[in-house]
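Open the structure in your viewer and keep the sequence panel beside it. This tour tells you what to select at each stop and what is there.

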Amino acid sequence: MTKKTRIIAALCAAGLLAAGGTFSSMAETLSSVRIWGTVTVDSADRITVDNHSSNSMSGDIVIHISEDTKILDAVSGMPLAADQLTDGETVYAYVGPAMTMSLPPQTRADLILAQIPADYKVPDYIEVASMEAADGGYRLTSSDGLVFQVPSDCTITPYLTRNMLYLENLYPGAHCLVWSDSSKTASKIMMFQPYSAEEGASSSAPQTGWVLESGQAGTADAQWLYYNADGTLAKGWIEDGGKWYFLNTDTGRMERGFIQVNGKTYYMQEDGSMLTETRTFTPAADGSLS
């Protein structure tokens, strides 16, 4: 029995393949599979990948893109729009193991990494199995057996927020992108799921800190909001990291450019911080800074 036949038989036995081109909801509960190859853009919500990975069937695989599919720049980790995918580029996609019995087979993607430079080591999308102190840093083991050495100064960031995150916040079950070298030494980690620094686990606590409402991070069209420690939407002046930001008093969106607050003019830079000389400011009762 060929590898392709074994995969199909196993999926059929599990009740995961559906005739007629429909998907089983059970696929969402299973680990994703990484495939890679050149892409053909079929439509805004569908691409075809000429798969060269031995993890799944070789040849064309149709991937349906949903609103839950993350499409990221493989170098920066920043989100991309589906229309930024181009015919002929190489992408890495993490897809559900369940596929339709159609030819070519069809599936859904959890994550797509694109805009990959030549000879670039693409980050690994993993589920954390354990994170243990080792050799002055940490040893990160994924649920599929990958082991990374994580230096104590390795950068870790949450996806699409500016919240503070620490290596100690990684917990079993967390989903992450890990950038590493050929020896599996991590240089950067991006964590997707919400976390609780106290519990070290997924939490239903309210979102706090910076949150990207719309647009692409790092661009002029990015719309940022800020949530206070109690989960309420911040408005007006806030201080973060020693810098002052002004949030629209109606929408809560971070302002840029020249603004006027109670007759005083301020200039907010591209990152939203106020352009100023080094000095200490205090919000006045009338809403201005003094």
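Is S53 buried or exposed? Select S53: it counts as buried because its relative accessibility is 7%. Buried means under 20% relative accessible area, exposed over 50%, and partly exposed in between, with a 1.4 Å probe and protein chains only.

Before moving on, note that this is a predicted model, where local features need pLDDT of at least 70, side-chain atom pairs count only at pLDDT 80 or more, and totals for chains, interfaces and linings use all residues. Residues are numbered from 1 along each chain as its sequence is written, and side-chain values use heavy atoms, with hydrogens and water left out.

**Stop 1: around S53**

S53 lies in the loop between β2 (46–51) and β3 (59–64). Strands (E, at least two residues) and helices (H or I, at least four) are DSSP runs, numbered from the N terminus. Show the side chain of S53 and find the backbone nitrogen of N55, 3.0 Å away. Leaving out residues up to four places away in sequence, S53 touches R34, I35 and W36. Contact here means heavy atoms within 4.5 Å.

**Stop 2: the strands beside the loop**

Now select β2 and β3. They pair in the antiparallel sense over six bridges. Two strands pair if DSSP finds at least two bridges between them. Pick D50; its bridge partner in β3 is D60. β3 and β6 pair in the parallel sense over three bridges. Go to H64, which stands opposite R108 in β6.

**Stop 3: salt bridges**

How many salt bridges does the structure hold? There are four. Each is a side-chain nitrogen of Lys or Arg within 4 Å of a carboxyl oxygen of Asp or Glu.

Select R34 and D124. Their side chains meet in a salt bridge, 3.6 Å from N to O. This pair links distant parts of the chain: R34 is in strand β1 (residues 33–43) and D124 in strand β7, 90 residues apart. R34 is partly exposed at 24% relative accessibility, whereas D124 is buried at 8%.

K121 is partly exposed, at 31%.

Then move to D42 and R46, another salt bridge, with the closest N and O atoms 3.4 Å apart. D42 is partly exposed at 37%, and R46 is partly exposed at 30%.

**Stop 4: the six-stranded sheet**

Colour the strands β9-β8-β7-β11-β12-β10. In that order they form an open sheet of six strands with mixed pairing. β9 (147–150) and β10 (155–158) stand at the edges; each has a single partner strand, so one side of each is left without a neighbour in the sheet.

Zoom in on β10 and β12 (residues 186–191). They run parallel, joined by four bridges. P158 stands opposite M191 in β12.

**Stop 5: backbone details**

Most residues other than glycine have a negative phi, and most peptide bonds are trans. Select L103 and P104: a cis peptide bond joins them, with omega about -5°. P104 is in the loop between β5 (90–95) and β6.

Where is Q115 found? Look in the loop between β6 and β7 (124–134). Q115 is not a glycine, yet its phi is positive, about 50°. Finish at N262, in the loop between β17 (257–261) and β18 (264–268). N262 is not a glycine, and it has a positive phi of about 50°.

Key. Polar contact = N/O pair within 3.5 Å; in protein donor to acceptor, adjacent residues only side chain to side chain.
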